[in-house]
Amino acid sequence: MMKKYTINTPCQEAWEDMQEVNGNKFCEICTRNVWDLDRYSEKEVDEIWENNPSVCGKISFLKPAISGALLAFTLTSATYIHAQTGTSGMENIYQKNITITGKLISRENAQLRSGEISLVTLGKLYSAKADEQGNFTLTFPEKVLTKQNIIRIDYSVIYSNNEEITDYTTSILKTNELLSKQNFEIENKYVTIGAISIVDPRPPDHYFFDGKKIGKRKFEKIKKEYPGYKHLAFYDNVVPKELYGKSFIDNLYLLYSQ
């Protein structure tokens, strides 16, 4: 869904606990219908907005309020690997690497065909592939860690009915969460529920290549000329702000040469 609409104050009620009504939900706490806006096009959402004085809805984006209970992704171990000697102690601090090992888990017992975990920054993508059991080892410089770290999982699984799904999920983790001892359930979905408001004027999209901000035309040109370059897109209203550090931003597009 386009981010013309947003939820400024998320509701704490669980979508799964609400009573289903014609494909949407009914909240008994506030006695209001809650629209499943993931099911509608932007034009249909416009019509819903025009025909209702106020709209409470659900959008499948990350919750602005991040907590350990909501983010099940953690890692089973963390090890500091220091840089080689030959530089000063202060330089070694900034060259220190962190290696973490963890596991991707399907709570629905799906068979993992492929999986890749990435620590996302504007300038570089730090990635590691998982084996058939979901085990992975990821190494990155300690200096790239921030208060809120963006973790992306790309995966392909086969369920018991032989249905094969290829998808990705994104989490925002504090450093202590990133280094704690738990596993990641790949089927976790994050939804935001609350009163819908219109963003006006609409924030602009931003494009980056190896950490350098560029225009859309140049971004698309590089992407076309180098199909092997990794590219990511974030459409939620949380990750772009965390990565770019600015609040007035819509979608964020990242392109990496390595």
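**Close-up 1. K129, an exposed residue, and its salt-bridge partner.** K129 is exposed, with a relative accessible area of 64%. In this predicted model, the side chain of K129 meets that of E116 in a salt bridge, with 3.8 Å from N to O. Is E116 buried or exposed? E116 is buried, with a relative accessible area of 18%; the cut-off for buried is under 20%.

**Close-up 2. A salt bridge between R152 and D154.** Here the closest N and O atoms of R152 and D154 are 2.9 Å apart. Both R152 and D154 are buried.

**Close-up 3. D250 and R202 join distant parts of the chain.** The side chains of D250 and R202 form a salt bridge, 3.5 Å from N to O. Where do these two residues sit? D250 is in the loop between α5 (239-244) and β18 (252-256), while R202 is in the loop between β14 (192-198) and β15 (206-209), and the two are 48 residues apart. D250 is buried, with a relative accessible area of 3%, whereas R202 counts as partly exposed at 33% relative accessibility.

**Close-up 4. A network made of D36, D38 and K58.** Now for a view with three residues: salt bridges that share partners join D36, D38 and K58 into one network.

Notes: Residues are numbered from 1 along each chain as its sequence is written. This is a predicted model: local features need pLDDT of at least 70, side-chain atom pairs count only at pLDDT 80 or more; totals for chains, interfaces and linings use all residues. Side-chain values use heavy atoms; hydrogens and water are left out. A salt bridge is a side-chain nitrogen of Lys or Arg within 4 Å of a carboxyl oxygen of Asp or Glu. Buried means under 20% relative accessible area, exposed over 50%, partly exposed in between (1.4 Å probe, protein chains only). Helices (H or I, at least four residues) and strands (E, at least two) are DSSP runs, numbered from the N terminus.
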